[in-house]
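Thanks for making the time this morning. I would like to walk through one model with you, beginning with a definition and then moving from the contact between the chains to a few single residues.

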Amino acid sequence: MILLIILGMSLVTMIPRILPAFIVDKLQFRDWVNRWLNAIPYAALGALIFPGILSVKEDAPHIGLIGGLVAIGLAYIGLNVILVVIGAIVTVFLLTAVI
Amino acid sequence: METLDTEKQHASPSLHMIKRGITVGFPIMLGYLPIAVTYGVLAKQAGMTLTELTLMSIMVFAGASQFMGANMIAVGAGALEIIIATFVLNFRHFVMSLSFMNRLRGISLNWKAPLSLGLTDETFAVSALHTKEAKMEKGPLFYTSLFLTAYISWVLGSLLGGVLGDVIPEQLSQSMGIALYAMFIGLLVPSVKKELRVGLIALIAMLVNVICVQFMSTGWAIVIGTVVGGFSGIFLLKGEEQ
């Protein structure tokens, strides 16, 4: 039964992922469609970050928020992504250790 | 990115692209490992065998839906129910894949099709902000090694969680929960610094997501936030990018 669930989950995840490879191969898009698709990464980042980041620690949305602000600060001063990630982890670790 | 042009001239472009893919994919590995281990622990507690939980990581490769799947298996939800919920949660990858595949137009379907299967929120976010490689020699190798770095971390992490059980102290694993969000921020901020309008697109997507999530599942809210936020790009982005 679990194998059937895994197979089903796999199919419904794979099909939406792979379809665009064939669509893009067959179709040329108008200019506005290309602009829309080029904006998708930024829009996706926005939608993925917020409000999800508030649930980093259950019942304590400010922890994720502060971690996120630290990440913004570190990224703003031009640090590499990996250092931004480590800085945010350390921040959340310290915050949860103190409280 | 400034080093790109100078490094391009190195002897073996293939090897260079593979190395670059791994380097760029490294933050994903850092974010995935603790989450994958946690998934492994949770799935084991949900009553899945080691083979089943690893197989799920190999075949599904989508974090949030695997957590959800393991939870639903634990509470005895029906197969169809789990599969439909997975579809809803992962449908956002269709939009992301469409955007990414449109960037890879110059690359043959033999590369694009397998690459599309490795698309997650994280691999998409990282590769979508590294578009130059798509036009470079041996570019597909860059994306392939990036995706494989993420994939292998995910699968091995799951296996590790299933074998070792609860090895990561809760406080540490909780702190690691910020990792992927911090990576998203670390990717977004430099783009916003370069072009402020990009930040507006992200803000609109956030806002739409916040509103939508009141009425529907997280999966659809992210899809609508991404699609609508992207629409603002039609007016905000100029057509200068090819």
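Before anything else, the burial terms: a residue is buried if 20 or more other C-beta atoms lie within 10 Å of its own, exposed if 12 or fewer, and partly exposed in between, with C-beta atoms placed from the backbone. This is a predicted model, in which local features need pLDDT of at least 70 and side-chain atom pairs count only at pLDDT 80 or more, while totals for chains, interfaces and linings use all residues. Residues are numbered from 1 along each chain as its sequence is written, and chains are lettered from A and ligands numbered from 1 in the order in which they are written.

With those terms in hand, take Asp59(A), which counts as exposed because 6 C-beta neighbours fall inside 10 Å. Asp59(A) sits in the loop between H2 and H3 of chain A, where helices are DSSP runs of H or I with at least four residues, strands are runs of E with at least two, and both are numbered from the N terminus. Although Asp59(A) is not a glycine, its phi is positive, at about 65 degrees. Pro51(A) is placed in the loop between H2 and H3 of chain A, and the peptide bond leading from Phe50(A) to Pro51(A) is cis, with omega near 10 degrees. For context, most residues other than glycine have a negative phi, and most peptide bonds are trans.

In chain B, Phe61(B) also has a positive phi, near 50 degrees, in a residue other than glycine. Is Phe61(B) buried or exposed? Phe61(B) counts as buried, since 25 C-beta neighbours lie inside 10 Å, and its place is the loop between helix H3 (50–59) and helix H4 (63–74) of chain B.

Now to the contact between the chains. Calling two residues in contact if their C-beta atoms, placed from the backbone, lie within 7 Å, we find 63 residues of chain A in contact with 82 residues of chain B. On the chain A side, H1, helix H2 (31–49), helix H3 (61–76) and helix H4 (81–98) each supply at least two residues, and H1(A) gives the most, with 20 residues. By class, that side has 47 nonpolar, 11 polar and 5 charged residues, where Ala, Val, Leu, Ile, Met, Phe, Trp, Tyr, Cys and Pro count as nonpolar, Asp, Glu, Lys and Arg as charged, and the others, Gly among them, as polar.

Helix H1 (residues 2–26) of chain A packs with helix H7 (residues 109–117) of chain B at an angle of about 155 degrees, the axes being 8 Å apart; axes are lines fitted to C-alpha atoms, for helices over the stretch in contact, and angles run from 0 to 180 degrees between N-to-C directions. H1(A) and H7(B) are therefore roughly antiparallel, given that angles under 35 degrees count as roughly parallel, over 145 as roughly antiparallel, 65 to 115 as roughly perpendicular and the rest as oblique. Among the residues that meet here are Met14(A), Arg17(A) and Asp25(A) from H1(A), and Leu109(B) and Lys112(B) from H7(B). The residues of this contact divide into 7 nonpolar, 1 polar and 3 charged.

In the second pair, the axes of H4(A) and H2(B) come within 9 Å and cross at roughly 20 degrees, and the two helices are therefore roughly parallel. Here Val81(A), Ile82(A) and Val85(A) meet Phe26(B), Pro27(B), Leu30(B) and Gly31(B), a contact with 6 nonpolar, 1 polar and no charged residues.

Met101(B), in helix H6 of chain B, is buried, with 26 other C-beta atoms within 10 Å. Leaving aside neighbours within four places in sequence, Met101(B) is in contact with Pro20(A), Ala21(A), Val24(A), Lys112(B) and Ser116(B).

Which helix of chain B is largely enclosed by the rest of the structure? That is helix H8 (residues 121–128), so described because 8 of its 8 residues are buried. Those buried residues pack against H2 of chain A together with helix H2 (13–45), helix H6 (92–103), helix H9 (139–164) and helix H11 (179–194) of chain B.
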